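Open the model in your viewer and keep the sequence panel in view. The stops below are given as selections, each followed by what is found there.

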Amino acid sequence: MPERTLPRVLDTHAQAWWDGLRKHRLLLQHCADCGHPRMPPGPICPECWSDKHEWRAHVGTGTVTSFVWYMQPLDPRFTEVPYNVSLVALDGGPVVVSNVLDVAFGALKIGDRVRARFCDEPAGFTSLMFVQENA
Ligand SMILES: [Zn+2]
């Protein structure tokens with residue numbers, strides 16, 4: 001597995017997200033007034049403009065809503081191809097961009113149920129990935 005690097009844009013609004021992942025917990029920022037889940041985390045609710053928020057644990061399950069397979073690495077560090085980049089609609093939550101691991105090319109389908117897998121990266125952070133629920 002190639003070494004992944006922490007995104008350079010790491011603002012204070014996302015710190016609880018990264019801290020939760022490090023503890024293998026999926027925490028989502030929700031508006032404290034209307035309950036809307038914010039992704040990415042931010043200072044203002046896009047639904048009601050409230051500046052109040054709270055972090056809630058999510059069970060980590062969702063549904064694949066779209067995906068693409070990369071047959072050639074876009075980054076030379078990612079030499080293991082093919083790999084997918086998938087949109088996962090978290091149950092009752094927002095859509096996140098991630099990878100579904102341990103799935104062969106052609107075996108991933110829109111509508112597949114997935115669950116979170118927390119991947120501790122050598123660079124010292126944890127990334128959120130998914131695996132198929134039936135895997
Ligand atoms: Zn709100």
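Helices and strands here are DSSP runs, numbered from the N terminus: a helix is H or I over at least four residues, a strand is E over at least two. Residues are numbered from 1 along each chain as its sequence is written. The model is predicted: local features need pLDDT of at least 70, side-chain atom pairs count only at pLDDT 80 or more, and totals for chains, interfaces and linings use all residues.

**Two cis peptide bonds**

Select V81 and P82. The peptide bond from V81 to P82 is cis, with omega near 0°. P82 sits in the loop between β4 (61-70) and β5 (83-90).

Next, go to M39 and P40. Here too the bond is cis, from M39 to P40, and omega is near 0°. The loop that holds P40 runs between β2 (37-38) and β3 (53-58).

**Two positive phi values**

Stay in the loop between β2 and β3 and select W49, which is found there. Its phi is near 70°, a positive value in a residue other than glycine. How many other C-beta atoms lie within 10 Å of W49? There are 10, so W49 is exposed. The classes are as follows: a residue is buried if 20 or more other C-beta atoms lie within 10 Å of its own, exposed if 12 or fewer, and partly exposed in between, with C-beta atoms placed from the backbone.

Move to D102, in the loop between β7 (100-101) and β8 (113-120). Phi of D102 is near 55°, again positive in a residue other than glycine. D102 is exposed because 11 other C-beta atoms lie within 10 Å.

Select R22 in helix α1 (residues 15-22). R22 counts as partly exposed because it has 13 C-beta neighbours inside 10 Å. Leaving aside neighbours within four places in sequence, R22 is in contact with F125 and T126; contact requires C-beta atoms, placed from the backbone, to lie within 7 Å.

**The largest nonpolar core**

Finally, select L21, L26, L28, V64, V88, L90, V100, V103, V114, A116, L128 and F130. These 12 residues make up the largest nonpolar core. β1 (26-31), β5, β8 and β9 (126-132) each supply at least two of its residues. A nonpolar core is a set of buried Ala, Val, Leu, Ile, Met, Phe, Trp, Tyr and Cys residues joined through C-beta atoms within 7 Å.

Within this selection, centre on L90. Not counting residues up to four places away in sequence, L90 touches H58, G62 and V96.

Conventions:
Two residues are in contact if their C-beta atoms, placed from the backbone, lie within 7 Å.
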